[in-house]
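Here are my notes for you, point by point. Keep the viewer open while you read, and click on each residue as it comes up.

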Amino acid sequence: MFSLRGCGRWVAASLAKQHVPPPARLSGDSASAAPGTPRYDVVVVGGGHAGTEAAAAAARCGSRTLLLTHRVDTIGQMSCNPSFGGIGKGHLMREVDALDGLCSRICDQSGIHYKVLNRRKGPAVWGLRAQIDRKLYKQNMQKEILNTPLLTVQEGAVEDLILTEPEPEHTGKCRVSGVVLVDGSKVYADSVILTAGTFLRGMIVIGLEMHPAGRLGDQPSIGLAQTLEKLGFVVGRLKTGTPPRIAKDSINFSILNKQTPDNPSIPFSFINETVWIKPEDQLPCYLTHTNPRVDEIILENLHLNSHIKETTKGPRYCPSIESKVLRFPNRLHQVWLEPEGIDSDLIYPQGLSVTLPAELQEKMITCIRGLEKAKMIQPGYGVQYDYLDPRQITPSLETHLVQRLFFAGQINGTTGYEEAAAQGVIAGINASLRVRRKPPFVVSRTEGYIGVLIDDLTTHGTNEPYRMFTSRAEFRLSLRPDNADSRLTFRGNSSLSLPTRFTLLSDLSHVLSCLLLGCKEAGCVSQQRYERASWMKSSLEEGISMLKSIEFSSSKWKKLIPEASISMGKVVSIRALDVLKYEEVDLELLAKAVPGPLKKYTQCRELAERLKIEATYETVLFHQQQEIKDIQRDEALQLPKDLDYLTLRDVSLSQEVREKLHFSRPQTIGAASRIPGVTPAALVNLLRFVKTIQQRQAAMNELPKTGQCDTDRLEKRQL
Amino acid sequence: MWRGLWTLAARAARGPCRPCVRQSSGAGAPGSGATIFALSSGQGRCGIAVIRTSGPASGHALRSLTAPRELPRARSASLRLLTDPRSGEPLDRALVLWFPGPHSFTGEDCAEFHVHGGPAVVSGVLQALGRVPGLRPAEAGEFTRRAFAHGKLSLTEVEGLADLIHAETEAQRRQALRQLDGELGQLCRGWAETLTKALAHVEAYIDFGEDDNLEEGVLEQADSQVRELAVALDTHLRDARRGQRLRSGAHVVVTGPPNAGKSSLVNLLSRKPVSIVSPEPGTTRDVLETPVDLAGFPALLSDTAGLREGQGPVEQEGVRRARESCDFLDTVVTPAIARSPNGNGQRLLLVLNKSDLLPPGGPDLSPELPPHLLLSCLTGAGLDGLLEALRKELAAVCGNPSTGPPLLTRARHQHHLQACLDALGSYRHAPDVALAAEALRVARGHLARLHGGGGTEEVLDIIFRDFCVGK
């Protein structure tokens with residue numbers, strides 16, 4: 001949002017285009033930069049999962065983008081587990097894909113074992129997951145990144161930020177205008193995205209040894225961490241870990257449980273019908289378990305394990321084997337043996353994340369069934385790193401303190417490739433929109449897991465590495481993997497249909513910019529994807545209304561579909577949509593009974609499946625819609641961005657509430673209501689304040705707008 | 001957990017709690033939002049009580065209670081026989097008014113029932129409304145908020161809204177405490193715990209069941225817990241006698257040191273020997289409650305054990321109960337101590353008894369003593385002054401409709417318990433686990449409205465406590 005003052009002027013400017021030249025773009029053209037100094041619209045620092053998505057998204061949106069990374073050959077590196085997706089995480093990947101992000105498409109080209117988790121638990125919680133070939137993923141990602149138009153890649157470590165005077169119409173104490181590399185050279189940029197991962201003062205821990213590193217074999221970023229701290233960012237510390245790697249040929253798989261992939265494989269991306277590899281060519285995973293001997297080794301050697309003793313917060317759901325043994329003693333814990341690649345001779349023992357000294361790790365491994373003769377190739381290790389309290393960023397991932405500086409990924413306290421990728425896409429889109437002076441692109445928690453993720457982070461912060469679970473989403477039944485495209489691919493369109501009378505700066509400017517933006521998601525979605533999503537959307541709508549229009553008596557349905565256990569209730573006639581709700585009925589069966597109108601919907605497997613899913617959840621979703629609308633109404637009530645809650649005199653708020661609002665800087669009444677400790681009474685006071693501003697704004701808009709001068713005079717009168 | 005203007009109500013009712021709690025009203029009406037109802041006239045003695053509804057189902061509600069006749073003419077009073085839509089039992093002959101939106105107080109369709117003021121009638125009508133699909137009891141300040149949202153209130157008028165919500169939240173909290181004290185409260189807390197645990201286990205099964213080795217039978221365990229819970233709720237709802245005795249009126253507690261004459265005061269005020277009096281300290285050992293008519297207001301007068309280190313276990317328990325009963329009272333009458341025993345912001349009347357023992361020629365009391373009244377239970381001197389002071393206090397308490405009429409609280413209670421039970425029913429019939437979990441979330445939302453709590457974090461905490469999940 002723009003501040004009151006800024007917006008007033010901007011509206012005037014857009015309405016009076018003929019008279020007043022539009023605000024000069026600050027960049028883009030290398031002509032305006034000092035000779036020899038490179039200049040970009042967006043600079044992305046870091047080439048991990050957040051960085052690659054951010055850089056590609058910014059470039060897709062039309063910004064000249066530079067990706068700065070320590071080493072080009074580590075772009076797309078999967079530094080921990082050799083898998084993508086899972087329950088909740090698969091949802092995030094579908095959403096990243098709906099915004100035309102990269103990871104889902106790359107995974108469809110690089111997987112070696114595709115399996116949908118939770119198959120029997122309902123389509124809302126299906127977890128798309130795959131084992132990924134590390135080498136292939138990296139190769140394919142690098143190919144994609146290096147061939148993205150408008151995207152330049154450069155090696156270099158960023159040491160410092162170039163800061164200038166803030167733009168007066170935005171909040172923040174300064175503005176970032178570029179980065180300084182270790183060698184002292186400078187790169188200018190209109191927006192900067194930091195995706196530093198675990199590199200901020202990263203420390204690797206094995207046993208009692210600690211040495212500075214962002215990832216095994218890579219230097220940490222210390223200068224950058226200091227810069228951020230000096231700027232006043234609140235920094236915290238987190239830890240994570242990774243298991244040892246084992247030589248494949250040293251494992252006795254024959255005595256272990258084998259898990260085979262799905263047949264057929266379900267692709268991650270909406271635009272793929274199938275994945276690159278046939279199910280029969282895919283590799284299996286194996287399951288083994290720990291035993292009391294493992295517990296013994298861990299418990300006997302706690303004194304040699306400094307990572308475990310540290311007070312730094314680790315994840316509760318991705319615990320090291322040490323914390324599992326400590327918290328749940330005398331149990332057998334699962335260890336999944338996962339392939340690292342189609343021709344890799346490494347196995348990743350998922351569940352065995354450990355920081356014991358290397359020789360003890362090897363000793364522990366060899367007492368596990370199937371691993372008796374296992375050879376450890378690389379020890380497991382722990383990483384401790386700085387993260388920045390995510391309450392310091394807005395839902396568009398721009399920092400409150402420094403204008404045009406965006407954070408994405410682990411730097412915000414999350415864990416996981418998918419969580420990082422999701423933030424990367426959002427940061428990339430918004431950095432680009434910011435450069436073009438467009439309103440930010442924010443996903444609501446009613447629209448996607450991306451919204452849940454970012455809203456949780458920006459309103460609650462986190463004190464352990466944050467991971468997505470489906471239980472975090474209130475509207476789990478609406479936010480499904482199957483419908484991510486309908487939810488997000490057209491987002492630009494739906495932002496126009498927001499009830500504008502609810503928006504604070506009753507927003508001619510917003511509407512105008514939406515029109516300018518076009519419907520395809522700030523330009524970040526390709527034509528092909530847009531067309532496919534549109535086709536799917538209209539086919540679904542048509543199919544559902546067709547299913548609603550077909551009605552027969554229950555006895556007739558019983559005759560038509562004897563397989564279905566249709567109850568002979570008092571209801572006289574039953575819609576085809578209701579018949580499709582029965583577990584044993586799918587569209588195929590229904591179309592056999594009523595071929596005329598329904599046959600055509602069985603042609604496309606995805607369409608038929610999605611119609612079945614829509615039918616399953618129809619009743620519940622109907623009830624959920626009202627709640628979603630209520631939340632969206634609250635979220636449309638925007639709070640001025642430049643409110644100084646600590647000194648604001650027009651609103652009666654307690655000191656405690658003021659401090660909470662000051663720290664999190666919620667952008668809407670909806671977000672404010674989710675901050676713990678902000679009372680209903682405080683919200684009403686805020687709301688009243690917002691409405692007062694709205695009235696003033698409306699009064700201002702009604703007066704004739706003859707040009708800039710008038711607007712300025714008005715502003716003086718009102719402020 | 002966690003939601004703004006439209007969701008304030010839910011939060012207000014539950015007090016400060018985690019954001020983004022799912023608050024699904026099982027019987028959500030189509031159209032724009034649920035229809036709410038409430039007793040709009042104040043507490044206390046009145047000939048007519050006014051019950052209001054607001055929302056799209058108002059017309060339907062009006063027709064349901066007045067038999068399927070035409071809606072009355074807009075904005076004019078008509079006499080109708082109100083009947084319970086389910087049992088067909090007549091409830092009252094009442095004046096009803098129909099205000100189609102947007103020309104109504106809230107801007108939505110509204111209906112008003114002017115019924116006879118007796119508690120039985122009011123409670124009957126409220127319960128009947130609660131059974132109309134799409135209707136639910138209003139939360140604190142909800143009518144006003146709706147009016148505001150539809151532009152029916154000016155900004156100046158809304159200035160008081162925040163205070164109102166604050167007061168109503170506070171009053172509801174106390175009302176809920178009162179209601180939830182004792183057996184029913186424990187039941188409710190127990191139900192909520194069981195439900196949260198069952199939900200956590202189902203959520204764990206969804207989020208971690210596939211990849212991690214959850215113990216066998218997590219889901220079966222949740223199933224049986226839910227089944228037991230449903231039986232308990234059903235029994236409770238069927239057996240009206242097990243519902244807690246309705247405590248009508250303001251709650252006045254007499255407390256103070258032993259042998260100050262608390263029981264004498266209670267007997268004096270109720271004009272009957274409620275408590276045994278004796279010159280011996282520690283005579284009263286339990287909280288004795290008696291409904292009285294104090295200066296024209298209905299009140300529940302409680303005599304308590306003297307606040308001292310009790311001599312025996314029975315008296316100690318009595319003192320504990322005495323302190324506890326001060327947690328949810330409206331007015332404390334204390335014959336000797338200057339502060340409410342719990343230091344809370346309750347209204348407090350300091351009464352010094354045994355004024356007949358003061359030396360003639362004026363009391364020789366410390367000037368630091370806060371405002372107080374002098375009374376002699378023996379002679380009755382000072383009783384008029386005390387009654388006048390009590391009248392003022394009770395007028396302040398009862399004159400405020402926000403105190404949460406117990407009748408409405410009870411209707412709310414029944415409504416949410418029934419909705420919770422219905423949701424548990426759909427849990428059992430859910431075709432997949434995601435839908436089953438959704439039913440539990442809805443059920444938990446209804447219980448949360450009665451006792452608070454209900455965050456996602458609470459569920460995650462149980463998951464990580466009970467299961468070793470993760471890779």
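1. A:Phe84, A:Tyr137 and A:Tyr417 make up one aromatic cluster. Rings of Phe, Tyr and Trp (its six-membered ring) count as a pair if their centres lie within 6.5 Å; planes under 30 degrees apart are called stacked, over 60 edge-to-face, and the rest tilted. Over all chains, that rule gives eight aromatic pairs. One of them is A:Phe84 with A:Tyr417: the ring centres are 5.1 Å apart and the planes meet at 45°, so this pair is tilted. It links distant parts of the chain, with A:Phe84 in strand 3 (residues 83-85) of chain A and A:Tyr417 in helix 11 (residues 417-435) of chain A, 333 residues apart. Helices (H or I, at least four residues) and strands (E, at least two) are DSSP runs, numbered from the N terminus.

2. A word on what you're looking at: this is a predicted model, where local features need pLDDT of at least 70 and side-chain atom pairs count only at pLDDT 80 or more, while totals for chains, interfaces and linings use all residues. Residues are numbered from 1 along each chain as its sequence is written, chains are lettered from A and ligands numbered from 1 in the order in which they are written, and side-chain values use heavy atoms, with hydrogens and water left out.

3. Are A:Phe84 and A:Tyr417 buried or exposed? Both are buried. Buried means under 20% relative accessible area, exposed means over 50%, and partly exposed is in between (1.4 Å probe, protein chains only). For chain A as a whole, 62% of its 719 residues are buried. That chain has 25 helices and 23 strands.

4. Now for charges over rings. A charge sits over a ring if NZ of Lys or CZ of Arg is within 6 Å of the ring centre and within 35 degrees of the ring normal. A:Arg94 has its charged end over the ring of A:Phe270, 4.6 Å from the centre.

5. How many salt bridges does the structure hold over all chains? There are 48, each being a side-chain nitrogen of Lys or Arg within 4 Å of a carboxyl oxygen of Asp or Glu.

6. Next, look at A:Glu609 and A:Arg605, which meet in a salt bridge of 3.5 Å, N to O. They are four residues apart in helix 21 (residues 605-636) of chain A, so about one helical turn separates them. A:Glu609 is partly exposed at 34% relative accessibility, and A:Arg605 is partly exposed at 45%.

7. Chain B has a salt bridge worth a click too: B:Glu112 with B:Arg52, closest N and O atoms 3.2 Å apart. B:Glu112 lies in strand 5 (residues 110-116) of chain B and B:Arg52 in strand 2 (residues 48-54) of chain B, so the pair ties together parts that are 60 residues apart in sequence. B:Glu112 counts as buried at 12% relative accessibility, whereas B:Arg52 counts as partly exposed at 23%.

8. On to the nonpolar cores, meaning sets of buried Ala, Val, Leu, Ile, Met, Phe, Trp, Tyr and Cys residues joined through side-chain atoms within 4.5 Å. The largest has 153 residues, and A:Val179 and A:Leu405 have the most contacts inside it. Another core, of 27 residues, lies apart from it and includes A:Met536 and A:Leu607.

9. Finally, see where the chains meet. The side chains of B:Glu438 and A:Gln624 make a polar contact at 2.9 Å (a pair of N or O atoms within 3.5 Å; within protein, one must be able to donate a hydrogen and the other to accept it, and residues adjacent in sequence count only if both atoms are side-chain atoms). B:Glu438 is in helix 12 (residues 433-451) of chain B and counts as buried at 3% relative accessibility.
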